[in-house]
Amino acid sequence: MKIGIIVDHPNRDLPSLCLLGEKLIEKNSRNSVILIPMYKISWVLKYFPNKFDVIIFNFAREANQKYITRAHNYGIKTIVYDQEGVGGKKGLGLLNILSKSRNVLPFIDLYCFWGKNQLTNFEKIIEKKYHPKKKIVSGWLNSDYLFKLKKKFKNKKKYILINSNFSGCDPKFNSLSNEIKSRLKTFDISKKELLDRIFYQSKRKKNFLHTVRILIKSFPKKNFLLRPHPYEDDKKYTVLQKKYKNCKVSNKNSINQVLLNAEMLLHVDCTTAISSSFLNIPALSFDWIIQNKETEVFNEIANNAGIKAKNIFELKSTVLSLIKNNKKTDFRNNKLINYYGKFDGKRCKNLADIIYKEFNFTKKNL
């Protein structure tokens, strides 16, 4: 069986996708796995469609829909494992995207939801005629990589890690006007609602930057590593790097590797809080920055994963307490399992088993 796996952002996605590829090859040594950079999908389908029995796509959003359809028309089995399967209010933000992607969903042979809550709610709101041929709960594949790291994890505590998450209001690879057009194609929302989201996020970023400045100045003997969202413009953060010697801005390396040297994680609704908590690294949210939790859209599950600060004063005192007491946070697996699947180190193996069972072309290719 010849399997292609689309890679969107290598620093984020490669560890788990390589683990999945490893498990697929372990199923049968004749299986071959090819990692395809996202920007090469069109080229691969144009020149080498006969090289693949299966392609695992990174999402079903507008940018991939023509490629999913094209692969289906070539007789390639299509799988979608969304790289951002939990987000938005109650962890169900993905459903807003899938609602807009109705027409392409029937061309998908296997759709992998991270948790049963997303799958259950999808089946409630999306008409059956638009469902993929098969739907499963795969879990969060990255949890397998974290599971491996945790066994040999020794934290060197080189810095306090701060993650930002504001690509919606400050995109790196697009103008804001083009970003708005793209998001209107992707999300099933009105233009007014989208503009409201961007407005709220812009306010959050201003407060976030203000808070980061205060922290850097309040703890001059501590090193801070500021890691912008991969698709967020980092210019406003590099200003801080130039001004303060104890602040560095970098997006290099896998976030999992970066966490290994983090004393704690500071964030606003960032998925890395789940990884951090799993590794028993304290995750602390600037919770007060999300001023109206009824109207603002944010990653609610990630924001609730660790400690939440109610204001800047509580944040500073909590950071100081964590530094002095070396406090660890409890990983609340029982509350996350419905959104992220089991954290048992077997997610990639289980998905490989399902793929092999559903789409085993080995006999055909002999």
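Mentor: Before you start: helices here are DSSP runs of H or I with at least four residues, strands are DSSP runs of E with at least two, and both are numbered from the N terminus. This is a predicted model, in which local features need pLDDT of at least 70 and side-chain atom pairs count only at pLDDT 80 or more, while totals for chains, interfaces and linings use all residues. Residues are numbered from 1 along each chain as its sequence is written, and side-chain values use heavy atoms, with hydrogens and water left out.

Trainee: Okay. Where is S99, then?

Mentor: S99 sits in helix α4, residues 93-100.

Trainee: Buried or exposed?

Mentor: S99 has 13% relative accessibility, so it counts as buried. Buried means under 20% relative accessible area, exposed over 50%, and partly exposed in between, with a 1.4 Å probe and protein chains only.

Trainee: What does S99 touch?

Mentor: Leaving out residues up to four places away in sequence, S99 touches I126 and D188. Contact means heavy atoms within 4.5 Å.

Trainee: And what covers the buried residues of α4?

Mentor: The cover includes β5 (110-113), α5 (116-125) and α7 (176-186). The buried residues in α4 are L94, L95, I97, L98 and S99.

Trainee: Switching to α3. Which residues are buried there?

Mentor: N64, Y67, I68 and A71. They cover an arc of only 105° around the axis, so they lie on the same side of α3. The arc is taken from the directions from the helix axis to the C-beta atoms.

Trainee: Why would residues three or four places apart point the same way?

Mentor: Because an α-helix has 3.6 residues a turn.

Trainee: Now helices α1 and α6. At what angle do the axes cross?

Mentor: Roughly 95°, with the axes of α1 (residues 10-27) and α6 (residues 142-151) coming within 8 Å. That makes α1 roughly perpendicular to α6. Axes are lines fitted to C-alpha atoms, for helices over the stretch in contact, and angles between N-to-C directions run from 0 to 180 degrees. Under 35 degrees is roughly parallel, over 145 roughly antiparallel, 65 to 115 roughly perpendicular, and the rest oblique.

Trainee: Which residues meet?

Mentor: P15, S16 and L19 in α1 meet N142, D144, Y145 and K148 in α6.

Trainee: Last one. Where is K89?

Mentor: K89 is in the loop between β4 and α4, and is partly exposed at 28% relative accessible area. K89 and K293 are 204 residues apart in sequence, yet 9.0 Å apart in space, C-alpha to C-alpha.
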